[in-house]
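These are my notebook entries on one protein model. I set down what I looked up, in the order in which I looked.

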Amino acid sequence: MPLEVKKLKVNYKTLEEFKRFKEYGLQELSMLEDLEANIIENDSDSPFYGIYFGNKLVARMSLYQVEARFDRYFSPPQDYLELWKLEVLPDYQGRGYGTALVDFAKSFGLPIKTNPRVKSNEFWEKQGFTSVHYDMQRDLGENPLVWESKQS
């Protein structure tokens with residue numbers, strides 16, 4: 001059975017679900033601050049997506065569309081998605097949740113840029129992402145990876 005990715009509403013229920021992730025020591029990827037900054041009860045125009053196991057949110061990401069005029073990664077410049085803060089709770093890792101989130105992002109048919117966590121490059125390579133030529137001014141210490149749709 002395929003995993004279902006759901007758009008997460010910006011509300012206090014989602015805020016409570018996000019707290020579970022922070023408790024696992026993944027503060028560097030916590031989306032709590034983003035959520036708190038954007039909280040409008042049941043705002044459905046949310047950049048957050050997740051996968052539930054039963055009633056428990058076990059995987060999440062944020063996904064933002066960037067306009068071509070701001071593109072510094074693809075040639076020619078084009079609209080693309082920026083995939084941020086992909087995170088799967090430890091007990092659910094290795095079960096396809098991260099891949100399902102990435103596949104969902106790919107389904108939009110736009111190129112994708114991400115900044116991987118330390119020691120996660122193998123996962124991103126399996127998803128078809130490649131390193132960009134490092135540009136000190138553009139990348140500011142990050143090591144961006146990109147994926148280009150065959151349609152692009």
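**Entry 1: aromatic pairs.** I began with the rings and found that the structure holds 8 aromatic pairs. I counted rings of Phe, Tyr and Trp (its six-membered ring) as paired if their centres lie within 6.5 Å; planes under 30 degrees apart count as stacked, over 60 as edge-to-face and the rest as tilted. I then looked up burial, where buried means under 20% relative accessible area, exposed over 50% and partly exposed in between (1.4 Å probe, protein chains only). Tyr73 and Tyr80 are both buried.

Phe104 is partly exposed, with a relative accessible area of 23%. Phe108 is also partly exposed, at 43%. Ring pairs link Phe104 and Phe108 with Tyr49 into a cluster.

**Entry 2: basis of the values.** The model is predicted: local features need pLDDT of at least 70, and side-chain atom pairs count only at pLDDT 80 or more, while totals for chains, interfaces and linings use all residues. Residues are numbered from 1 along each chain as its sequence is written, and side-chain values use heavy atoms, with hydrogens and water left out.

**Entry 3: overall layout.** I took helices (H or I, at least four residues) and strands (E, at least two) as DSSP runs, numbered from the N terminus. The protein has 5 helices and 7 strands. Along the sequence I read the pattern β-α-α-β-β-β-α-β-α-β-α-β. Of the 152 residues, 45% count as buried. With contact meaning heavy atoms within 4.5 Å, I looked at contacts between residues at least 6 apart in sequence, and 64% of these join residues at least 24 apart.

**Entry 4: the sheet.** Strands were taken as paired if DSSP finds at least two bridges between them. The open sheet of 7 strands has the order S1-S2-S3-S4-S5-S7-S6, with mixed pairing. Its edge strands are S1 (5-7) and S6 (130-131), each of which pairs on one side only.

S2 and S3 pair in the antiparallel sense over 6 bridges. Tyr49 has Met61 in S3 as its bridge partner. The hairpin of S2 and S3 has 2 residues between the strands, and Gly54 there takes a positive phi near 65 degrees. S3 is mostly covered, since 8 of its 11 residues are buried.

**Entry 5: strand S4.** S3 (residues 56-66) pairs with S4 in the antiparallel sense over 7 bridges. Val66 has Tyr80 in S4 as its bridge partner, and Ser62 stands opposite Trp84 in S4.

Arg60 lies in S3, and its bridge partner in S4 is Glu87. The side chains of Arg60 and Glu87 also make a polar contact (2.5 Å). By polar contact I mean a pair of N or O atoms within 3.5 Å; within protein, one must be able to donate a hydrogen and the other to accept it, and residues adjacent in sequence count only if both atoms are side-chain atoms. Arg60 is buried, with a relative accessible area of 0%.

**Entry 6: S4, H3 and S5.** S4 and S5 (residues 112-114) pair in the parallel sense over 3 bridges. Leu81 has Ile112 in S5 as its bridge partner. S4, helix H3 (residues 97-106) and S5 make a right-handed β-α-β unit. A crossover is right-handed if, with the strands pointing away from the viewer, the path from the first strand over the helix to the second runs clockwise. H3 is mostly covered, with 7 of its 10 residues buried; among them are Tyr97, Leu101 and Val102.

**Entry 7: backbone notes.** Most residues other than glycine have a negative phi, and most peptide bonds are trans. I therefore looked up the following two cases. The peptide bond from Ser75 to Pro76 is cis, with omega near 0 degrees; Pro76 lies in the loop between S3 and S4. Lys85, found in S4, has a positive phi, near 55 degrees.
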